[in-house]
Amino acid sequence: MRSANSDSIVEKRRIAVLGSTGSIGSQALEVISQQKDFLEVELLCANSNADLLIKQAITFKPNCVVVCDESKYDVVNDALAALDIKVYSGIDSLCSVVAMESVDIVLAAMVGYAGLKPVLAAIKAGKAIALANKETLVVAGELVTQLARENKVNIYPVDSEHSAIFQCLVGEWHNRIEKIFLTASGGPFRGKKTDYLQTVTRAQALNHPNWSMGDKITIDSATMMNKGLEVIEAKWLFELKPEQLEVLIHPQSVIHSLIQFEDGSIKAQMGLPDMRLPIQFALTYPYRMKSSYPRLNFLEHASLTFELPDSKTFRNLALAYEALSRGGNVPCILNAANEVAVDAFLHDRIRFVELPDIVESCIEKIFFVGNPTYQDYVATDLETRRFASTLLSTMA
Ligand code: NDP
Ligand code: MG
C-alpha cells in the first residue's frame, strides 16, 4: 500500500472477506475493486448463497473460498473446479483458513453470533480484524479484547458510528475521552408510540429511511436494539464506562458520531450515509485513499437536528443498557434472545412490540455467570436460544 501523501510503498493488503455475499461484504468487494492497487481478496466466505459466492470468486479469484453450509460444497466446488481456487466448507474449515499465512486482514462481516468463532480464530493467529460483526463484541467483548491485547492484534471498527469515533481519535491517543455520543437515525418509527407500533408490519420495519442493510440489522435499527448493541460494542472498543456512552437521535445520519474530550472540546466525523467509507478506512488505516464516492453537500443538509432517544417506547435500548451494566453473560443472553426474536419477526411469527418481551424474559430467566469463559458463552447462547424458542411456541 502507498501512503496517499507520500511515495513510500508498502505491501498490498490481502483481505479475508467473511460474509462476502451480504450488504457489508458486497460493499467491501466494491471498495477492494476501487483500491485494487492496495487491496486484494485472499479469501471469500458465505453461508449458503452459492450462486453469488461463485460469481464473486470468478471475479476476484481469491486463493480460497469457504461455504459454511456444507450442503452447498459440491455446487461451489464444481463451479470453481477449472480455476486455481481451493474450496472448503463448514465453520471449522473457516477457522483454519482465516489463520493462513497469506491473510493480512480479516473483515468480519458475517451476521450474528456465528461471527464469534472465526474472529477468535483470526485473533489467535495474529490477524488484524476489520470488525463489522458487532455481535462478536456484544457476546464476548471481554474475551475478544483480552485475546486481541495478548496477541497484539488491532480491531478496526467498520460500524459507521465506531469508525467515526476512531477517526476522531486519530492523533488523540494520549488524550482521555470524557464521553462519546453515538448518533442514531431513529429508524422508520422515530417519534412513534406503542399504540402505533402494535400493528406495524415486517415491510414497514424493513423500510429504513437512510441506510440499505441486511434484514437483521434493519430490524434492529427499527427496534433501537442496533443502538443498544453499538453502545456495548463501543464500551469494548474504546474501554469506556456506561456513563460515558450516550445515544443521540440525529435523523439526517450525516454526523456519524461525536467524541467529547476532557477539556470540553467535541469532535465529530461527518459524511453521507455510505458504508464504503468506514469499510475502506478500516482496511487502509492509517491511510485515506482517494475515492470517488459521493461527497456531502452542506447546502443539501442545511439543517442537522438532535433529539433524546425514547427508551420507554423502544425498550430494547434500555434492555441493552441494563445488560451493559450487569455485565457477565447478560449481553450474550440479550444477543441470543434478540437473534431468535428478530428471526421470528422476519417470519411473521411475532409482532413488532413483542420483540423486547422475549429479550426481557430471557434476561430474567437465564442463569447469570459473572466471569464467563468461552464455554460459558457457548452454553449461554444455546440455553437462551432454547428458552426463547419455548417462549415463541407459547406465544403462537
Ligand atoms: P447480511 O445479512 O446482508 O449478510 C450477512 C452475511 O453473513 C452473508 O454473507 C451471509 O451469507 C453470511 N452469514 C450469515 N450467517 C452465517 C453463518 N452462520 N455462517 C457463515 N456466514 C454467515 O448482513 P449485513 O452485511 O447487513 O451485516 C453484517 C454484519 O455487519 C452484522 O453484524 C451487522 O450488524 C454489521 N453491520 C452492518 C451494516 C450494514 O450497513 N449492513 C452497518 C454496520 C454494521 P449468505 O448470504 O450465504 O447467507
Ligand atoms: Mg452502526
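User: How do I read the polar contact between ligand 1 and N49?

Analyst: A polar contact is a pair of N or O atoms within 3.5 Å; within protein, one must be able to donate a hydrogen and the other to accept it, and residues adjacent in sequence count only if both atoms are side-chain atoms. Here, a polar backbone atom of N49 sits 2.7 Å from an oxygen atom of ligand 1. This is a predicted model, where local features need pLDDT of at least 70, side-chain atom pairs count only at pLDDT 80 or more, and totals for chains, interfaces and linings use all residues. Residues are numbered from 1 along each chain as its sequence is written, chains are lettered from A and ligands numbered from 1 in the order in which they are written, and side-chain values use heavy atoms, with hydrogens and water left out.

User: Which other backbone atoms lie by an oxygen atom of ligand 1?

Analyst: Among them are a backbone N or O atom of S23, at 2.9 Å, and a polar backbone atom of G19, at 3.2 Å.

User: And which residues come nearest around ligand 1?

Analyst: "Near" asks for a residue heavy atom within 4 Å of the molecule. Of the 24 residues around ligand 1, the nearest are T21, S48, N49, E135 and G214.

User: Let's move to the domains. What are their bounds?

Analyst: Bounds come from an automatic or database domain assignment. That assignment gives domain 1 (13–158), domain 2 (159–274 + 296–325) and domain 3 (327–396).

User: How much area do domain 1 and domain 2 bury between them?

Analyst: Buried area is the accessible area (1.4 Å probe) that two parts lose on being put together, summed over both. For domain 1 and domain 2 the value is about 1,400 Å², with 66% of it on carbon and sulfur atoms. On the domain 1 side, K134, V138 and P157 supply 43% of the area buried against domain 2, more than any other three residues.

User: How many salt bridges are there between domain 1 and domain 2?

Analyst: A salt bridge needs a side-chain nitrogen of Lys or Arg within 4 Å of a carboxyl oxygen of Asp or Glu. The count between these two domains is three. Elsewhere in the list of salt bridges to look up, K134 and D159 pair through their side chains, at 2.9 Å from N to O.

User: Where is K61, and what is its phi?

Analyst: Helices (H or I, at least four residues) and strands (E, at least two) are DSSP runs, numbered from the N terminus. K61 falls in the loop between helix 2 (50–60) and strand 3 (64–67). Its phi is positive, about 45°, although K61 is not a glycine.
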